[in-house]
Amino acid sequence: RCKDLSVSFWNSYWMLPSDVCGMNCFWEAAFRYDYMKTHPSEKMHLAVVACGERLEETVTMLRSAIIFSIKPLQFHIFAEDQLHESFKDILDDFPYEGKVNYTLYPITFPTESAAEWKKLFKPCASQRLFLPLILKNVDSLLYVDTDILFLRPVDDIWSFLGKFNSTQIAAMAPEHEEPRIGWYNRFARHPYYGVTGINSGVMLMNMTRIRRKYFKNDMTPVRLQWGEILMPLLKKYKLNITWGDQDLLNIMFFHNPESLYVFPCQWNYRPDHCIYGSNCKEAEEEGIFILHGNRGVYHDDKQPTFRAVYEAIKNYSFGDDLVHSLLQPLELELRKTMHTYCGKVYKVFIKQLTKSIRDLYARRSKG
């Protein structure tokens, strides 16, 4: 039955209208699979930081990463000590099939300033700044917040590493697409990247380059390395920053703009992209690739469209038919949200997900 279904999906894939998968989609896929072909055994490293009540949310994010990804995954999970046993109990029951490994780490900050870093913005959030210094043997890493959901393979965002030019060390998406509702350009009291700043909830890093780079800054004419620049930045700007470590990254890339690769908005799609009207054109054309449910929207009734996607992935059982157990029930729930601004464009929430399921069944059919 599954084989017949996958063949049907594969045949229908090539009959998608041009607005769903046009030439841009074709060439992007060609590049992606060419990159994977030349990096066949590469393991993808994904890091997350979980504190407080973030266990369930983190596990749901990891589930979304596992469902569609092709190459092996290595999870680096930084969590408070009391969460470690719960993570082990849950993750050890996942049907990895040898494709996924995980390592649990304690939350650690530089000893002389640990208390200051831990309370910056949200508990443990600034841990991400120290990943290049802690994971010294990891060349490249995808960091994501706990409230991220992958709607296409991790392989696809990982392949952007092959698009970095010689000066780029990291990739992030803009904080806003529409300056009229942007936070940084209206309220920031510190330097920030570009027109509307950058969002650090999805951050792809070439950590070897990060560790080697000497950064320009506004504190000294001498360029500083990553481990040298963080504390001086905090001391200078701690009274002017609102979003903690994300603000520090904005300051850093303001002075080193050549070092950043900027993702289109569908790689970090947040409520701001639809609650005031749709303003992520790439998502309208190709769908959402990575969903970011910041502001707690997975757990309240303010944005039911985001919550519906989260609940669908959280409740999906590995091995069940993705169409009947995930996609179809989700679309029914999304239709119920059409009274909201995000619900009016609910199709962008399932456009890429539909393609990801078709691709997965096609790979299974071929394999």
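Helices (H or I, at least four residues) and strands (E, at least two) are DSSP runs, numbered from the N terminus. This is a predicted model: local features need pLDDT of at least 70, side-chain atom pairs count only at pLDDT 80 or more, and totals for chains, interfaces and linings use all residues. Residues are numbered from 1 along each chain as its sequence is written, and side-chain values use heavy atoms, without hydrogens and water.

**View A. Asn294 in its loop.** Asn294 lies in the loop between β9 (290–292) and α13 (304–315). Its relative accessibility is 17%, so Asn294 counts as buried (under 20% relative accessible area, 1.4 Å probe, protein chains only). Beyond neighbours within four places in sequence, Asn294 is in contact (heavy atoms within 4.5 Å) with Asp147, Arg270 and Pro271.

**View B. The packing of α10 and α11.** Helix α10 (residues 226–237) packs on helix α11 (residues 245–255) at about 110°, with axes 10 Å apart. Axes are lines fitted to C-alpha atoms over the stretch in contact, and angles run from 0 to 180 degrees between N-to-C directions. That makes α10 roughly perpendicular to α11 (65 to 115 degrees). The contact uses Trp226, Ile229, Leu230, Leu233, Leu234 and Tyr237 of α10, with Leu248, Leu249, Ile251 and Met252 of α11.

**View C. The largest nonpolar core.** This core has 41 residues. A nonpolar core is a set of buried Ala, Val, Leu, Ile, Met, Phe, Trp, Tyr and Cys residues joined through side-chain atoms within 4.5 Å. Residues with the most contacts inside the largest core include Trp117, Leu230 and Leu248. Helix α10 gives the most to this core, with six residues.

How values were computed: Parallel < 35°, antiparallel > 145°, perpendicular 65-115°, else oblique. Buried < 20%, exposed > 50% of the residue type's maximum accessible area, 1.4 Å probe, protein only.
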